[in-house]
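This briefing goes with the sequence and structure shown below. Please keep both in view while reading.

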Amino acid sequence: MALHGARAAALLAWVNSTKVCTDPLDNLSQLQDCSVFIRIIDKLHRSEEGVSALEQPLPERISFIRGFLQKHCKHKSAAENLVSAQKLLEGEELALAKVAVLLLYHTSMSCKSPGDWTEFDYKTQVELASILKFVLDNEESLNENLETFLQRKAPPPSSSASGSSSEEHSPLLSLPQKREVRFLELQKIASSSGSNNMLPGPPSSPVGDIMQTPQFQLRRLKKQLAVERENRDELEVELAENRKLITEKEAQITMMQQRIDRLALLNEKQAADQLEPKEMEELRERNESLMVRLHDALKQCQDLKTEKSLMDRKINQLSEENGDLSFKLREIASHMVQLQEALNELSEEHNAALAQSQEKQGQLESELRAALQEKKYSEEKIEILQGKISLLEDQLARLGDHSAQEKGEVMGDILKLEELKQEVSSLTAKGAELQAAVLRLEEEKQQREAALQSERGRFEEEKQQLGGLVASLQNSLSESQRAREKLEQDLREASEPQG
């Protein structure tokens with residue numbers, strides 16, 4: 001089955017956006033030599049590890065790429081089985097698309113900010129958001145589902161391609177008063193995380209919407225904490241090696257001190273035996289040489305002990321920081337879950353209110369149309385009756401001077417005329433009532449529309465604040481990340497003299 005055209009085009013657009021190749025690519029098959037993937041990996045990690053791999057044959061390039069994916073994917077065995085080396089060697093477009101998907105997901109988790117995605121057109125953003133949402137929801141079962149996802153038709157228009165619920169893009173109607181109370185509770189929850197910084201406004205793109213969801217933010221936090229734990233383990237290994245080196249130096253110093261002590265005893269003995277001046281001079285020179293070496297060794301040992309004490313303090317500080325980060329992650333994860341649950345509840349309430357309001361709106365419009373139709377009918381009937389009245393009045397005026405017999409005949413027309421006037425009066429009164437009803441219905445409709453517009457604005461404001469709460473949690477993690485990087489730099493500087 002061929003690849004889904006829109007998704008393949010979106011992946012290719014993302015690859016081109018990395019700007020690692022001179023000329024933009026127009027087909028996934030152009031990724032067959034895997035050099036573009038290696039350059040993307042180097043750009044992600046700001047390193048040149050892939051330079052040597054680019055000089056190797058294709059099998060070694062593929063091995064480098066698969067090794068990177070296995071190291072950075074959540075489940076290494078899943079990544080190994082997901083991307084087939086043989087299919088990459090054959091240049092199969094589906095396998096190349098899989099690599100692009102995994103690199104896109106890793107990039108979004110690692111470094112790319114929501115603003116950077118606005119360089120794509122909206123359709124491409126929707127497809128990229130769909131890909132990110134799929135991987136996020138199917139990390140445990142990518143082996144079974146990714147091929148089908150890359151080949152199947154696009155979801156129906158009613159579904160949300162950006163991974164956000166449709167409620168996030170539609171205005172809210174009237175919601176129960178308890179929603180305001182719940183949102184105040186959410187603000188209190190978020191403020192307890194230790195950061196009051198808020199980002200202005202919600203994300204401006206489908207990909208940005210995905211990256212600002214609590215699910216995505218929580219996955220990113222867990223990934224970053226795992227990286228921090230790996231770095232701490234590496235630092236602990238380095239500290240253990242430094243401690244071992246200090247122990248070896250101390251052992252060497254002890255041995256040298258013992259040799260000096262023996263030489264001192266021998267010197268004293270020889271002095272007592274009144275050795276020849278030449279032998280005494282040689283022994284003295286040898287002793288002085290050993291003393292210089294001893295002083296140097298003692299100084300080196302003291303330096304190593306100082307560095308060891310510094311490393312111990314740093315590793316303890318790093319352990320404390322890691323514990324704080326772990327606690328903060330659990331706290332943030334709990335807040336994220338509460339935010340997501342509250343957002344889901346707000347969405348459900350919004351749907352119910354929207355359906356109720358739409359039904360009421362339909363009833364009002366139906367009643368208004370019926371009233372207008374009846375009003376129009378009454379006005380037309382009144383006009384007809386008034387025409388008849390005018391005609392009868394003219395006839396009565398002309399017959400006013402005729403004989404009594406003719407006047408008797410006219411009396412019937414007069415009665416008929418009075419009845420028409422009463423009917424016109426009745427219809428006029430009914431028309432006034434209809435006019436009042438129409439005005440009432442129109443006023444009620446305008447009030448309803450104003451309420452709906454007000455509620456839409458309030459929901460958008462609350463949605464922006466929710467986005468700001470998530471952003472504040474992310475800022476909190478960023479501060480912890482910078483503190484960890486400073487500790488790592490300090491530890492590297494402390495360990496450099498031992499290299």
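The model is predicted. The protein has 14 helices and zero strands, and 38% of its 499 residues count as buried.

**Overall make-up**
- From the N terminus on, the elements run α-α-α-α-α-α-α-α-α-α-α-α-α-α.
- Of the contacts between residues at least 6 apart in sequence, 81% join residues at least 24 apart.
- The protein exposes about 28,400 Å², and carbon and sulfur atoms supply 50% of that area.

**Helix α2**
- Helix α2 spans residues 35–45 and is mostly covered, with eight of its 11 residues buried.
- The buried residues of α2 are Ser35, Val36, Phe37, Ile38, Ile40, Ile41, Asp42 and Leu44.
- These buried residues pack against α1 (5–17), α3 (50–54), α4 (58–72) and α7.

**Helices α7 and α9**
- Helix α7 (residues 93–110) packs with helix α9 (residues 142–151) at an angle of about 110°, and their axes are 11 Å apart.
- Angles of 65 to 115 degrees count as roughly perpendicular, so α7 is roughly perpendicular to α9.
- On the α7 side, the contact is made by Leu94, Ala97, Lys98, Val101 and Leu102.
- On the α9 side, Leu142, Leu146, Glu147, Leu150 and Gln151 make the contact.
- The residues of the contact of α7 with α9 divide into seven nonpolar, one polar and two charged.

Technical notes: Residues are numbered from 1 along each chain as its sequence is written. This is a predicted model: local features need pLDDT of at least 70, side-chain atom pairs count only at pLDDT 80 or more; totals for chains, interfaces and linings use all residues. Side-chain values use heavy atoms; hydrogens and water are left out. Axes are lines fitted to C-alpha atoms, for helices over the stretch in contact, and angles run from 0 to 180 degrees between N-to-C directions. Helices (H or I, at least four residues) and strands (E, at least two) are DSSP runs, numbered from the N terminus. Angles under 35 degrees count as roughly parallel, over 145 as roughly antiparallel, 65 to 115 as roughly perpendicular and the rest as oblique. Contact means heavy atoms within 4.5 Å. Ala, Val, Leu, Ile, Met, Phe, Trp, Tyr, Cys and Pro count as nonpolar, Asp, Glu, Lys and Arg as charged, and the others, Gly among them, as polar. Buried means under 20% relative accessible area, exposed over 50%, partly exposed in between (1.4 Å probe, protein chains only). Accessible areas come from the Shrake-Rupley method with a 1.4 Å probe; for residues, only the protein chains shown count as cover.
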